[in-house]
Amino acid sequence: MGDTATTRWQATPDLPLRPAAFYRTLNPVEIGMHLMRTWSPLGTRAFMLIAAWGIWEFAAPDLTRAQSFAVGWMAQIWIRNIVLVAVVASALHWWLWMRMAQQDLRYDTRPMGKNKRLFLFDDQVKDNLTLTLGSAMLIGTLWESVGWWAYANDIAPMITWDENPIWFVALFLLVPAWSIAYFSVTHWLLHRGPAYTHVHSWHHKNVNVGPWSGLAMHPLEHVALYADVLLFLVLPAHPVHFLFAMMHHSLGAPMSHTGHDALRLPGGFRFELGDFFHQLHHRFIECNYGGPESPLDTAINAWHDGTEEGEQATAARRRQLSAAKRAR
Ligand SMILES: [Zn+2]
Ligand SMILES: [Zn+2]
């Protein structure tokens with residue numbers, strides 16, 4: 001790891017990082033503020049919802065065609081996914097990592113890795129691009145196709161707005177909760193034993209991260225990551241909810257790995273895409289497996305709050321984990 005522990009951050013959000021309001025308090029004002037922040041129109045969640053809606057309106061397969069698996073409609077989904085991710089991740093990469101437009105909001109000042117044998121083509125960005133546009137988009141498309149096939153054949157239970165508007169809206173709150181809960185547990189399991197050595201270590205080649213690092217992982221991890229949409233085989237929902245869940249990976253991962261605390265917009269506005277909590281995970285590894293909206297890290301004592309004390313607690317945890325490994 002070398003210099004990792006001694007390299008200070010250039011920018012951070014307000015520290016210490018704290019779990020989401022609903023884990024700390026029953027105060028409705030604080031909980032309301034949390035919801036307003038996470039659902040801000042200038043934030044990733046709203047963006048993913050708009051993308052899901054746009055896909056449903058303009059770029060979803062015809063359900064009559066999706067009754068059986070066929071290259072035609074699946075290839076259309078594949079191309080749409082590649083274009084969508086390429087546009088979002090390239091725009092962020094160009095602005096933040098090539099133009100270097102807002103250095104003051106950058107967490108870690110170290111550059112993307114070049115001439116490092118660790119990465120495919122010895123280059124972090126090329127490695128990340130290949131794994132994202134190659135493996136992630138292919139596997140994400142296969143999972144998405146299973147969803148459309150299940151809706152087309154009445155295997156996945158479908159609801160509509162007219163039938164059940166309250167459940168329709170409630171599902172938009174439930175999807176992010178499910179997504180983070182599923183991610184926390186699978187991600188934590190991927191840190192154990194051979195799953196880490198052979199699979200998840202690919203994602204952790206990225207100590208500092210950029211937009212293309214979000215989906216840079218072993219193909220088996222793509223299979224596990226997108227598998228959370230299997231929920232829709234049993235949960236009554238609309239395809240727009242299913243697409244919203246898909247977007248948590250295809251767009252959520254690139255947006256949460258930009259390495260910057262926000263995207264500065266004209267007129268003094270900020271688009272909130274920073275994920276310092278996960279940036280800490282990339283640097284210190286054995287901490288912050290979930291997110292502020294997941295109870296996992298507090299429950300297993302792996303919460304790194306971004307402060308000096310958090311760093312010491314994580315160092316102690318790492319020593320414990322390696323001692324336990326040696327004892328086995
Ligand atoms: Zn990890
Ligand atoms: Zn990551």
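At what angle do α5 and α9 pack, and how far apart are their axes? I looked this up in a predicted model, where local features need pLDDT of at least 70, side-chain atom pairs count only at pLDDT 80 or more, and totals for chains, interfaces and linings use all residues. Residues are numbered from 1 along each chain as its sequence is written, while chains are lettered from A and ligands numbered from 1 in the order in which they are written.

**Entry 1: the helix pair.** I found that α5 and α9 pack at an angle of about 175°, their axes being 11 Å apart. Axes are lines fitted to C-alpha atoms, for helices over the stretch in contact, and angles run from 0 to 180 degrees between N-to-C directions. The two helices are therefore roughly antiparallel (over 145 degrees). I noted that G140, E144, G147 and Y151 of α5 meet P239, F242, M246, H249 and S250 of α9; contact requires C-beta atoms, placed from the backbone, within 7 Å.

**Entry 2: the core.** I next examined the largest nonpolar core, which has 48 residues. Such a core is a set of buried Ala, Val, Leu, Ile, Met, Phe, Trp, Tyr and Cys residues joined through C-beta atoms within 7 Å, buried meaning 20 or more other C-beta atoms within 10 Å of a residue's own. Its largest share, 9 residues, comes from α5. I recorded that F244, leaving aside neighbours within four places in sequence, contacts M48, L49, A52, F172 and V175.

**Entry 3: the whole chain.** I noted that 38% of the 328 residues of the protein chain count as buried. Its C-alpha trace spans about 55 × 55 × 50 Å along the principal axes.

Terms used. Buried ≥ 20, exposed ≤ 12 C-beta atoms within 10 Å, placed from the backbone. Helix = DSSP H or I, 4+ residues; strand = E, 2+ residues; numbered from the N terminus. Contact = placed C-beta atoms within 7 Å. Parallel < 35°, antiparallel > 145°, perpendicular 65-115°, else oblique.
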